[in-house]
Amino acid sequence: MGKVILVTGPASSGKSEWAENLALQSQKTVVYVATALQDPTDSEWQQRIQKHQLRRPSNWVILEVPTALSMTLANLKPDVCILVDSLGTWVANFLEKEDTDWEQTVENFLETVELVAADIIIVAEETGWGVVPAYPIGRKFRDRLGTLVRKLGVISAAVYLVTGGHVLNLSILGTPVEIHE
């Protein structure tokens with residue numbers, strides 16, 4: 001089994017840059033798994049994607065995987081470093097799924113992550129640090145992502161929080177909270 005690293009934090013905190021730095025430090029071939037759906041009608045979204053694209057080294061292998069994340073991870077070679085950016089975007093791509101289908105998707109994903117022989121760095125957004133979203137879809141997103149990040153943190157060798165342009169290694173500073181379901 002490979003090493004799993006979770007990099008989490010709020011929007012524009014530097015979490016993707018930190019994850020990219022960790023991937024470079026691995027000195028392995030980096031396979032960058034982008035979960036964003038391209039939308040040519042949304043120029044602001046396309047600019048965000050382009051900003052990420054321009055920052056990546058040209059020798060990285062890029063895979064655009066908006067939904068088939070588990071299958072993609074399972075099929076990658078063990079001698080690479082996989083960088084998934086981002087878990088929040090992946091969760092958003094499944095918001096229309098019924099809860100039971102979503103729970104099965106999460107279970108498959110977590111099982112796959114634990115079995116993959118390659119090192120995996122996963123970027124995930126932190127949500128829910130403020131006001132409870134006013135709309136059901138916002139609450140669903142916040143709860144699904146928060147629960148998934150928590151479960152992923154339990155199986156990760158290292159968990160980093162990036163906020164305010166600083167990185168904290170929560171694996172050293174923190175104490176895991178037991179999950180009761």
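1. In this predicted model, helix H5 (residues 99-115) packs with helix H6 (residues 136-155) at an angle of about 25 degrees, and the two axes lie 11 Å apart. Because angles under 35 degrees count as roughly parallel, H5 and H6 are described as roughly parallel to each other. The crossing in which H5 passes H6 is right-handed.

2. The residues that make up this helix pair can be listed from either side: H5 contributes Asp99, Trp102, Val106, Phe109, Leu110, Val113 and Glu114, which meet Lys140, Arg144, Leu148, Lys151, Leu152 and Ile155 of H6. By class, the residues of the contact of H5 with H6 comprise eight nonpolar and five charged, with no polar ones.

3. Six salt bridges are counted in the model. One of them joins glutamate 17 to arginine 55, with the closest N and O atoms 3.5 Å apart. This pair connects distant parts of the chain, since glutamate 17 sits in helix H1 (residues 15-25) and arginine 55 in helix H2 (residues 43-55), 38 residues apart. Both partners are partly exposed, glutamate 17 with a relative accessible area of 38% and arginine 55 with one of 27%. A network of salt bridges links Glu17, Glu20 and Arg55.

4. A salt bridge is also formed by the side chains of aspartate 119 and lysine 28, at 2.9 Å from N to O. Here too the pair links distant parts of the chain, 91 residues apart, with aspartate 119 in strand S5 (residues 119-125) and lysine 28 in the loop between H1 and strand S2 (29-34). Is aspartate 119 buried or exposed? Because buried means under 20% relative accessible area, aspartate 119 counts as buried at 16%, whereas lysine 28, at 34%, counts as partly exposed.

5. The side chains of arginine 142 and aspartate 143 likewise meet in a salt bridge, at 2.9 Å from N to O. Aspartate 143 is partly exposed, its relative accessible area being 41%.

6. Leaving aside residues up to four places away in sequence, valine 159 touches Leu6, Gly153, Leu168, Asn169, Leu170 and Ser171. The C-alpha atom of valine 159 is separated by 26 Å from that of leucine 37, a residue 122 residues apart from valine 159 along the chain.

Note on methods
Residues numbered from 1 in each chain as written. Predicted model: local features only at pLDDT ≥ 70, side-chain atom pairs only at ≥ 80, totals over all residues. Heavy atoms only, no water. Contact = heavy atoms within 4.5 Å. Axes fitted to C-alpha atoms, helices over the stretch in contact; angles between N-to-C directions. Helix = DSSP H or I, 4+ residues; strand = E, 2+ residues; numbered from the N terminus. Parallel < 35°, antiparallel > 145°, perpendicular 65-115°, else oblique. Left-handed = near helix turned anticlockwise from the far one by under 90°. Nonpolar A, V, L, I, M, F, W, Y, C, P; charged D, E, K, R; others polar. Salt bridge = Lys/Arg side-chain N within 4 Å of Asp/Glu carboxyl O. Buried < 20%, exposed > 50% of the residue type's maximum accessible area, 1.4 Å probe, protein only.
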